[in-house]
Amino acid sequence: MNKSIIFLALFILTVSCDRIDGPGPVDPVVSLVSANGIFILNEGNFGWGNGSLTYYSYDSARIYNNLFETVNRRPLGDVPYSMFFHGNYIYIVVNNSEKIEVINNKSLESVTTITGLISPRNLVLAGQDKAYVTSMYSDSVRIIDLKKNKVSGYINIHQTSESAVVINQKAFIANWLEGNEVFIIDTTTDLLIDSVEVGKEPESMVVDNKGLVWVLCNGGWKRDTFAELVGINPQSHVIARRHVFPALESSPLCLQADGDGDTLFYIENGIRCMRTDAAELPADPLIGDDDHLFYKIGINPVNGDIVATDAADYKQNGVLLIYNRRGNLKNSYATGIIPGCLSFMVESGHIME
Amino acid sequence: MKINILCAFILVALPLQSQQDTVKISEIIIRSKQIPSDIPGFKRIEIDSAIQDKYRHLSFSELLSECTPVFIKSYGYGGAATSSFRGAGASHTRMTWNGININSPMLGQSDFSLITPGISDNITLSYGGASIIDGPGGFGGTINLENKPVWSKTSGLYLNTGAGSFGRYAGSLKFRTGNESFQTVTRLYMNSSENNFPYINEVAGNDHVRETRKNSQLTQISFLQELYYRKASGVLSALIWYNSTSRNLPGSMLVVQSGPDEKQYDESLRSFLGYDLKKGNMNFFLNGAWMASRLDYTSLKASIDSRNLANTFTLNGGFETMIKNHSKIKLTISDELSFIKSNNYNKNISYNSSSLTLSARSKINNRVGTTFLIREIIDGQILLIPDFSAGFEYRLFAGEEHFFKTGLTRNSRIPSLNDRYWYPGGNSNLKNEYAWQYEAGFKTSRSFTNSLSADAEITFYTNLIRDMIQWKPGEFAYWTAENIGKVNSSGIESIVSVKYETDPLNIRLNAGYSYTKSVSRNQADEPGQLMYIPENQANSSIHISYGDLYLFWITDFTGKRYITADNTGYLPDYFLNNIIIGLKPDLWKKISADINFRTENLFNKSYQTIAYHPQPGRAYFISLSVRILK
């Protein structure tokens, strides 16, 4: 009898399975996208498809994660990398899913999906209803018709491309991966008209209030050349300013400008800032890294907040850090995995704390 | 009570004395006196030969995932497949072939999709602490593929061919001949699959779209030649195993696939030469292996052209001696030397590790069994802290098959060569990982009648893995390997098997359930279950044969697996059912056939083992085997 009980107990243990309920529902989307906030694209892990969209509301001082999936009931995709506002739409470039998700800027509902892209990276407005998309693995820049939300053509630049800015009907396109050139495209004709040789691996670009195109070249991951920060005159296409970083180990990234366009910010062992007319690179960071792994930064164009993302260990959820213009931490919030691109939707006149 | 045991012993022993095979007699007598476990205190099982036979031409990953508690993370049929054993990582499963470590020296792990189960005669799973007997590093366990000769004058030719859904074709040949002093066995397996299958894509766009999974073609060839020579009390073994697998790797469902992008070619040549000599109470052994393995991976989109070639030489030697019929002492010296040529390293690498192992096993009376092991490893030039293992097993009631067992182990794992030399990010200063492992269990078996018998086993275990190697973001734009991980795994495993054997009806039921809790103990990490390790897993199989007819039904349950560190995202649990119906008629004298029809994923369950990589729905496979003996 006792042995039978032992067998019965073992059998029950063998065939029984403990079911555990899944996580509870995410906060519903109820008018959370206000006129003052920050969209954050969480890139997720390459190949894992766990990228997501986060929104931080200045009005409610709350953060809302995983919004695209909550609204549209499907994942955003693999490595959402950059975003762009145009009219009533938000365009989200999803790099490894090779698509652009077009969503309504209030409801966040999907409007359409643009496909036919090769490893898209950044989107820049290049005309009334036209945008250019750079590509990490193809030798051309795709043209997007923003009325039809379709690919309407391409411009062969014979190299891969990364960051892009447009000024005076010229698009400046950086050849990042092992490159050292910035290509210039006439946005009225969609023709490649010139190129400028810069430092190795131009990673990010901004335009300052004097119209100078600033290019941050990180020197390449092999660390065999010095990083550089150069300013290109958009009329003459010559390099008007050049700052060379003092150590081979310096690997700056994510160049940003403030709302006035007279101060530059970038990540290098913390967050550094410099006036555009400064003679030298800053010796010390404005914000030390304090064990943070700063991944991307953005500057609030209205109140000057320095907003940074911390990618933690690239596996767990990251953190959004909001500093005031003097570099004092105001607040921090948990985001999705590898929080990257920051896009501000802010209006002047609002109180933003 | 003692008189009863003596009577039972005499009843068992006397009839056997009239048999001609004296070796078998002595084995049975020993079992009736001593506890039966090979490794007292620990758990080692053999995969049921009937199950192994049904997976002979399939991949090893399917066999493990459907019939064992080892969780297999697979990209789909033919795609890369890695394991999690007792909640540990893929590199903590040690894969051996006749005792020789065949984990890739670069990756430190095995891709189970590259191995055909039919290549071996016997498959054993050594759980947790039991794995240290075979070598270091198997914190989760060790899986051994064994080839062994059958010393008879009978020759046999086994042919198999099959075809199935999604353009799958398989064929195999096995030929065995020889006599009582020489045996040769030749095996050849071929496998190809177009692997295009339909699935519903619910994630790529706003509409659910019926798509066809493409770009996962597979071609696989395996060849094994075995030669055995026996003279007096010595056996010489020579084996050579060639394997090549060429495949396209499909991307995620989230990526629009325009054509084949990622391709992988794996090729390996493994040779083994061994000599075993029995002299009185001493067994001497000396074996060596040379293994060359190539892994080429290309991705057009990512401009990756990765070329890797590893050559590994392994040498094992030692002796085992019996003391007073109840104890064995074994001394083993091992050396493993690897040469790596890879365009992912900035120079060619050679690396050597060696070890000295002393183990003892004792079964002092019919109630107690003990195991003890101590091992010293030299990792390159560094002497590691010695590993050890101690096991204890006790028969609870004299003359009955109820056993309590417990074991404690300290095990070390040397970093993989990618961890040390990958460029950039490899860290040549890495220390070894180590684990403290404790387990305790209860095992019982009982014959209810001459026809009906049952076995059951339940085990509790806990593993504390320390200095675990993890790749973390470095100061610059690449990741580096560091000894920063701390993982605690614990769980319960239970197995029940029931046999009912009469003529012509035979029924065999196997069922297993495992609960695994595996968490990171790093302060900065989320406290939840580690990603891709299911807490609950169960499998069962029933094999019913009536004369020439048979039915084999396998059910496999895989619990929820988290895909984010904070446990907010997960893949849902699933049940899979496979059913095989077959007929094994004797065609003519010594010619027999086996024709069977296999239905996989019987209820057409939609599931994924890796997020956004769909698995096929219902699939069919028909197979015909012919066996000719002479």
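## Contacts and chain A at a glance

Two residues count as being in contact when their C-beta atoms, placed from the backbone, lie within 7 Å. Of the contacts in chain A with a separation of 6 or more, 42% join residues 24 or more positions apart.

Strands turn up a lot here: chain A has 27 of them, along with two helices. As for burial, 46% of the 353 residues in chain A are buried.

The model as a whole comes with an ipTM of 0.77 and a pTM of 0.84. In chain B, the average pLDDT is 89, and 93% of the residues score at least 70.

There is a stretch to treat with care, though. Over residues 1-32 of chain B, pLDDT stays under 50, and the model has 15 contacts beyond four places in sequence for these residues. Where pLDDT is low, predicted coordinates should not be read in detail.

## The nonpolar cores

Let's go inside. The largest nonpolar core has 91 residues, and the members that touch the most others are Ile92(A), Ile173(A), Val182(A) and Val215(A). In soluble globular proteins, nonpolar side chains tend to be buried together.

What does Ile173(A) touch, leaving out residues up to four places away in sequence? Its contacts are Thr134(A), Val141(A), Ile157(A), Ser161(A), Ala164(A), Val182(A), Phe183(A) and Ile185(A). There is also a second, separate core of 69 residues, and its members include Phe60(B), Leu63(B), Met253(B) and Ala435(B).

Strand E13 of chain A covers residues 170-175. Why is E13(A) largely enclosed by the rest of the structure? Five of its six residues are buried, so there is the reason.

E13(A) pairs with strand E12 (residues 164-167) of chain A in the antiparallel sense, over four bridges. One spot to look for is Val166(A), whose bridge partner in E13(A) is Ala171(A). The two strands make a hairpin with two residues between them, and Asn168(A) in the turn has a positive phi of about 50°.

E13(A) also pairs with strand E14 (residues 181-186) of chain A, again in the antiparallel sense, this time over six bridges. Here Lys170(A) has Asp186(A) of E14(A) as its bridge partner. This hairpin has five residues between the strands, and Glu178(A) takes a positive phi near 60°.

## A three-stranded sheet

Further along chain A, three strands form an open sheet in the order E20-E21-E22, with antiparallel pairing. Strand E20 (253-257) and strand E22 (271-275) stand at the edges with a single partner strand each, so one side of each has no neighbour in the sheet. From one strand to the next, the twist averages 20°.

E20(A) and strand E21 (residues 263-267) of chain A are joined over three bridges in the antiparallel sense.

## Where the chains meet

Finally, the two chains touch each other: 41 residues of chain A are in contact with 45 residues of chain B. On the chain A side, helix H1 (2-15) and strand E7 (110-114) are the elements that give two or more residues. Which of the elements gives the most to that side? That is H1(A), with eight residues.

What is the chain A side made of? Its residues divide into 16 nonpolar, 16 polar and nine charged.

Terms used:
Residues numbered from 1 in each chain as written. Chains lettered and ligands numbered in written order. Predicted model: local features only at pLDDT ≥ 70, side-chain atom pairs only at ≥ 80, totals over all residues. Buried ≥ 20, exposed ≤ 12 C-beta atoms within 10 Å, placed from the backbone. Core = buried A, V, L, I, M, F, W, Y, C linked by C-beta atoms within 7 Å. Nonpolar A, V, L, I, M, F, W, Y, C, P; charged D, E, K, R; others polar. Pairing = 2+ DSSP bridges. pLDDT = per-residue confidence, 0-100. Axes fitted to C-alpha atoms, helices over the stretch in contact; angles between N-to-C directions.
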